[in-house]
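User: I've got a protein model open and I'd like to work through it piece by piece. Can you help me read it?

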Amino acid sequence: MSSLKSTSTSPRTEFPTHGLLPRADTQAADFVRKHPKYDGRGAVVAILDTGIDPAAKGLQVTSDGKRKVVDFIDCTGSGDVLLGPPQKCSDEKPLELTGVSGRILRLNPSWTNPSGEWRIGSKWFYDIAPNDVKSRVKTERESLFKKHSQHLADYVSSQKQAAKKAGGGDQSDKSSEFEAQVDVLNTLSSSYSDQGPLLDCVVFHDGEQWRAAVDIDETGNLSEAKAMGAYKLTGDVALLSKRHLLYYTLNFYDNGDVLSIVTSVGSHSTHVAGIVAANHPEEPQNNGVAPGAQLLSLMIGDHRVGSMETGVGLTRAAIAIIEHGADLANMSFGEPSSTPNLGQWVQLVRQEVIRRHRCIFVSSAGNEGPALSTVGAPGGSTDSIIGVGAYVGYEQMKADHAMTDVVNDTVFTWCSRGPSLNGARGVDIYAPGSAIASFPAYVRERLHLANGTSMSSPNLCGCLALLISAWKQEIGGTDQRISPFRVKNAIMQTAKDF
């Protein structure tokens, strides 16, 4: 019997934590080490995705103490609550309203409402909960329903037996009544359907801004609830589900006619955001590429269509990028397309977002490789956007994939390839396509490993945030913008070949 031989040339003394979120291959780590203040400070990066979790580790503050996320915006409208006309409480019950659910809402006496006018609305919890939370809540509620149904069935059976033992009267009628009750309970149990919790909302103006309270417990008791303002103005974040750690923020539109409850439609965006700019003061090995950068969370994945993006959501995201003055944008979303550089939204991004307002737009090329011309839209099919492919390097092989024998840096086999159908490159540049990065609190994971061009695009975007940070501090100032076309040309001309 032949002896086994180790394939490793040297013993592993420590885990390669510096490869958890690859920064060495791109020289981003060296850049920040040499220039600690050029770590993304002053740069704002818009994340067009499923929505960042407000409670995610590493996404709370920047390296210089600023709020990490400047705003959370639901671009889809799936979290909108249409409010009823203004109403006032009665003189007999000055702090009570009847909610849309029919529950009596007891208001907090400490709230400031100079006009005395209140607006009410409601939202189904399942309409704004990500699938991870929704599935857990549904399972728990169904289990509780069936448990209660079984208790009732057992009680009816015990009453039937007690009546039979007691005798007297017409036993056949009593027996038929008990059997009918059991049949009703069985029918209800077999035809179980759950629309989920219905959350009442109360909105009012405190004299300075709009505020709202959401009855997350379905009790109607808001007497000690905090009235939240728009996140951009107040930084208010609260739990929508305490048990499942689902957090939310608020926005108000149309002069208080619409309340927007902003959650997330999935975990993808939080992971992407962590790659770009996570800041872990006590665990710097888990930092994103640009820990000093701020983020703008733009949820383009719609709860109503299984997290797919819509034209309305994309258009609103483009408007938000312009309004917030984002320096860069990352979109790790996309689909196959046979029409490069075409479409109303693509033209909006090319002409307004990139050309006119000089936002550097980065997007994933797709995961449909290795065949040629498999790049998706918009990353691989829009000339003005920087399309990013995914490669696996030395540090990733050790940390993310536990390889003891490493091979040369190479493109991931599943990464989409160019050219696009109009003859353009399709994939402009490659970046590390895997990372262990921040994850939503409601998933109950602090960090998560994921692979894809969805990971390579934010890695490159973070690298560019470092350069923009340096450029702003040394040359341009906070109000100056560098040409996205110069940036794209520069990185393509100076990137190393495999």
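This is a predicted model: local features need pLDDT of at least 70, side-chain atom pairs count only at pLDDT 80 or more; totals for chains, interfaces and linings use all residues.

User: How many helices and strands does the protein have?

Analyst: The protein has 498 residues, and buried ones make up 51% of them. Its C-alpha atoms fill a box of roughly 95 × 80 × 45 Å along the principal axes. The secondary structure count is 10 helices and 21 strands.

User: Where does Gln-27 lie?

Analyst: Gln-27 isn't a glycine, yet its phi is positive, near 70°. With 54% relative accessibility, and over 50% being the cut-off for exposed, Gln-27 counts as exposed. As for its place, Gln-27 sits in the segment before α1 (28-34).

User: Leu-245 has a positive phi too. Is Leu-245 buried, partly exposed or exposed?

Analyst: Leu-245 has a phi of about 55°, and you'll find this residue in the loop between β9 and β10 (246-253). Buried would need under 20% and exposed over 50%. Leu-245 has 33% relative accessibility, so it counts as partly exposed.

User: Which strands stand at the edges of the open sheet of four strands?

Analyst: The order in this sheet is β3-β11-β10-β9, and the pairing is antiparallel. A strand with a single partner has one side left without a neighbour in the sheet, so the edges are β3 (80-82) and β9 (238-241).

User: Are α6 and α7 roughly parallel or roughly antiparallel to each other?

Analyst: Helix α6 (residues 311-324) packs with helix α7 (residues 344-356) at an angle of about 5°, and their axes are 10 Å apart. Angles under 35 degrees count as roughly parallel. That's why we call α6 and α7 roughly parallel.

User: What residue classes make up the contact of α6 with α7?

Analyst: On the α6 side, the residues are Leu-314, Thr-315, Ala-318, Ile-321 and Ile-322. They meet Gln-344, Trp-345, Leu-348, Glu-352 and Val-353 in α7. Sorted by class, that contact has seven nonpolar, two polar and one charged residues.

User: Where does the loop proline Pro-370 lie?

Analyst: Start with the peptide bond from Gly-369 to Pro-370, which is cis, with omega near 10°. Pro-370 itself lies in the loop between β15 (360-364) and β16 (376-377).

User: And what is omega near for the cis peptide bond from Ala-377 to Pro-378?

Analyst: Pro-378 has its place in the loop between β16 and β17 (386-392). The peptide bond leading from Ala-377 into Pro-378 is cis, with omega near 5°.

How values were computed
Residues are numbered from 1 along each chain as its sequence is written. Side-chain values use heavy atoms; hydrogens and water are left out. Axes are lines fitted to C-alpha atoms, for helices over the stretch in contact, and angles run from 0 to 180 degrees between N-to-C directions. Helices (H or I, at least four residues) and strands (E, at least two) are DSSP runs, numbered from the N terminus. Angles under 35 degrees count as roughly parallel, over 145 as roughly antiparallel, 65 to 115 as roughly perpendicular and the rest as oblique. Contact means heavy atoms within 4.5 Å. Ala, Val, Leu, Ile, Met, Phe, Trp, Tyr, Cys and Pro count as nonpolar, Asp, Glu, Lys and Arg as charged, and the others, Gly among them, as polar. Two strands pair if DSSP finds at least two bridges between them. Buried means under 20% relative accessible area, exposed over 50%, partly exposed in between (1.4 Å probe, protein chains only).
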